[in-house]
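Hi,

Here is the structure I promised to pass on.

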Amino acid sequence: MFKNVKKKTVVIMMAIILPVAAAALVCTFLVVKKDEKEKPVLPPEYYFAKADELSSVTDIVGERSFEDLSPREEASGSPDGTGETQIQESSEEGNTEAATAEEPGNTDKEGLSVEKYRYIAGENTPTDVKEYIAYLTEKKNFIDLTQEEEEDEEEPEEEKKTYTYKLAGPSHDSDAYLEIIIEAEDDSFTVTALKKGEAWNSYVTQLWDEEKKKNRQKTPEEPKSTMQIAEEKVRSMSQEALKLQEPVDTYSFVCTPGLIKLEDKDFYRVSAYKKKENGTMIYECAYLVECASRKVSYKYNYVTEETELLE
């Protein structure tokens with residue numbers, strides 16, 4: 001009789017304990033999943049592999065709200081399976097090596113590494129873009145490949161204008177080069193970082209060949225843009241007049257879209273890049289060419305905005 005009572009007691013206790021334990025296990029699992037889901041997404045400290053030493057926008061200009069727009073495989077995407085992205089507040093804490101292009105899925109249709117981020121900078125957008133381009137050209141030896149945009153007179157004034165900048169530079173991988181495309185709007189800008197499957201020296205050589213071909217194909221009747229005229233004006237001056245350390249023909253001169261206002265006058269900025277024997281180019285300095293007179297008036301420091309008068 002007592003044995004039957006004990007058995008019944010054990011069964012009753014098991015019937016009570018097992019559901020409680022199962023409920024506790026489920027609650028613990030849900031709490032862990034919630035903590036994982038709510039873990040903040042940190043901005044990348046650099047683009048591509050760490051060996052490329054290419055700092056990200058936030059590493060140069062400081063904290064900014066950001067949105068990760070990098071392409072992913074269909075199987076990946078957001079944790080909830082919707083594939084949607086969320087705007088995150090950037091933080092300087094922690095390492096974010098997982099955001100590099102070495103993640104699976106960060107490739108475009110041609111199989112090239114690609115990362116894409118949108119930064120919300122508000123009124124700081126023009127300053128941020130300018131500062132990051134200066135970092136690329138002056139610290140990382142990138143070439144500014146931005147093309148001059150033709151003004152569209154029929155474009156509505158209320159339509160949001162997007163300014164696109166394109167730059168290219170060397171990679172630690174000898175069989176690749178890096179490309180940065182910046183698309184700037186009024187209150188935000190998007191940075192697309194690509195790793196192209198072509199050796200940097202080969203790519204630079206191709207650029208020079210294309211430039212030479214264009215120069216050969218030009219005819220006297222072909223109209224020149226004002227930016228081309230500014231480039232040629234600087235190129236025609238002597239080494240002493242430009243205050244360069246080496247002969248003028250060892251430099252490449254590239255005019256950047258947009259104007260610089262100085263003493264109520266408009267100037268073009270023409271950058272000088274030193275051509276190296278291995279095919280690379282290194283930023284040397286810049287010059288300001290007055291739009292009205294086509295006179296090369298100043299030697300210009302893009303970062304500090306200091307000017308040196310040329311005689």
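Below is what I found, going from the whole chain down to single residues.

A word on the ground rules: this is a predicted model, so local features need pLDDT of at least 70 and side-chain atom pairs count only at pLDDT 80 or more, while totals for chains, interfaces and linings use all residues. Residues are numbered from 1 along each chain as its sequence is written, and side-chain values use heavy atoms, with hydrogens and water left out.

**The whole chain**

The protein chain has six helices and 12 strands; these are DSSP runs numbered from the N terminus, with helices being H or I of at least four residues and strands E of at least two. Of its 311 residues, 36% are buried. Buried here means under 20% relative accessible area, exposed means over 50%, and partly exposed is in between (1.4 Å probe, protein chains only). The accessible surface is about 19600 Å², and carbon and sulfur atoms hold 51% of that (Shrake-Rupley method, 1.4 Å probe; for residues, only the protein chains shown count as cover). Among contacts with a separation of 6 or more, 55% join residues 24 or more positions apart, where contact means heavy atoms within 4.5 Å.

Helix 3 covers residues 125–138. Its 14 residues reach 20 Å from the first C-alpha to the last, close to the 20 Å expected (1.5 Å times one less than the number of residues). Its buried residues include Asp128, Tyr132 and Tyr135. What do the buried residues of helix 3 pack against? The list is helix 2 (57–61) plus strands 5, 6, 7, 9 and 10.

Strand 7 (188–196) is on that list, and eight of its nine residues are buried. Strand 7 pairs with strand 3 (residues 113–120) in the antiparallel sense over eight bridges; strands count as paired if DSSP finds at least two bridges between them. In that neighbourhood, Tyr119 has Phe189 of strand 7 as its bridge partner. Strand 6 also pairs with strand 7, antiparallel and over eight bridges, and Ile182 is bridged to Val191 in strand 7. Strands 6 and 7 form a hairpin with three residues between them.

**The loop between helix 1 and helix 2**

Ser56 sits in this loop, and it counts as buried because its relative accessibility is 0%. A polar atom of the Ser56 side chain lies 2.5 Å from the backbone oxygen of Pro44. Apart from neighbours within four places in sequence, Ser56 touches Pro44, Glu45, Tyr46, Tyr47, Tyr119 and Tyr132. Glu53 is in the loop between helix 1 and helix 2 as well, but Glu53 is exposed at 57% relative accessible area.

Most residues other than glycine have a negative phi. Glu53 is not a glycine, yet its phi is positive, about 55 degrees. Lys243 also has a positive phi, near 60 degrees. Lys243 lies in the loop between helix 6 (239–242) and strand 8 (251–262) and is partly exposed, at 37%.

Cheers

Note on methods:
Polar contact = N/O pair within 3.5 Å; in protein donor to acceptor, adjacent residues only side chain to side chain.
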